[in-house]
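Please look at the sequence and the model as I put them up.

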Amino acid sequence: MEYKKYYRKTSLKQEGIGSFFLNEILKKNPKTFLEIGVFHGVTARNVCELLFKSHGNNFNYIGLDLFEESDENKNEIIPNTTFSSNPVKQFYYKYIKRQNPYSLEAVEELLNKFKNNIHLIKGNSNKVLKKIDMSKIDYVFLDGGHEYNTVLNDLNCCMDVINNSGTVLCDDYDLQQAPGVKKAIDEFVNKNNLNCSIIGNGRFAKIEKN
Ligand SMILES: C[S@@+](CC[C@H](N)C(=O)[O-])C[C@H]1O[C@@H](n2cnc3c(N)ncnc32)[C@H](O)[C@@H]1O
């Protein structure tokens, strides 16, 4: 399945990686999907299109993000949220759309077609995930904060998903600038004796129960 970019930024921009990701999700064909780290919502829209094809309106997408740059996340690696190297897109969002694509409202608009199936949450995963009933979720794309403690917190909160035979797909396992991602994943997998496959040329860690 083709991964579309919707004139926005995404971390799955590398040629072929978006389609690889969507095919990976299709293998499990989940009905309730959680994305931790939504950013401009490009992956969110692609996932909703995919789930709609499989299940019609019988699916749920939950997306969680800080949706703002603040002191709280100043140590996190957040992709450049503006289009500083692309003046045409910069002009489009500033003067035509008059919208910050890294905002809850902008992502809501991108997902408007699926407004009855989506639930977007603005907040920090370190606090919010503890309040979500994770036993209802069967697929998690973990791509939020990349600091060791945040990744470990997010993974620990996903234990119910894994115990219920769900999947947690983590991005950036091999990202050199964020060594805490791999450290947290390796520790979590070993401690809980889980099955972890490294896929997509080392980029993704897919965690499931043994
Ligand atoms: C790499 S981007 C996500 C990219 C997106 N999944 C995609 O495919 O385009 C990481 C996002 O995680 C968010 N983030 C960072 N720390 C977070 C935290 N503690 N809780 C929630 N979101 C967080 C950032 O604001 C950023 O939008």
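This is a predicted model: local features need pLDDT of at least 70, side-chain atom pairs count only at pLDDT 80 or more; totals for chains, interfaces and linings use all residues.

In β3, H119 is the bridge partner of I62, and this belongs to a set of 5 bridges that join strand β2, residues 60–65, to β3, the two running parallel. Residues are numbered from 1 along each chain as its sequence is written, and side-chain values use heavy atoms, with hydrogens and water left out. Strands here are DSSP runs of E with at least two residues, helices are runs of H or I with at least four, and both are numbered from the N terminus; two strands pair if DSSP finds at least two bridges between them.

The whole sheet is open and has 7 strands, in the order β3-β2-β1-β4-β5-β7-β6, with mixed pairing. Because β3 (118–122) and β6 (195–199) stand at the edges with a single partner strand each, one side of each has no neighbour in the sheet.

Let us turn to strand β5, residues 167–170, which is covered on both faces: T167 and L169 on one side, and V168 and C170 on the other, are all buried, where buried means under 20% relative accessible area, with a 1.4 Å probe and protein chains only. In general, the side chains of a regular strand alternate between the two faces of the sheet. Strand β4, residues 139–142, runs parallel to β5 and is joined to it by 4 bridges, with Y139 opposite T167. Strand β7, residues 204–208, is instead antiparallel to β5, through 3 bridges, and there V168 stands opposite I207.

Leaving aside neighbours within four places in sequence, D154 is in contact, meaning heavy atoms within 4.5 Å, with I36, S125, N126, L129 and L142.

Finally, helix α6 (residues 148–157) packs with helix α8 (residues 179–191) at an angle of about 35 degrees, their axes being 8 Å apart; axes are lines fitted to C-alpha atoms, for helices over the stretch in contact, and angles run from 0 to 180 degrees between N-to-C directions. Among the residues that meet there are L152 and L155 in α6, and I185 and F188 in α8.

Technical notes
Buried means under 20% relative accessible area, exposed over 50%, partly exposed in between (1.4 Å probe, protein chains only).
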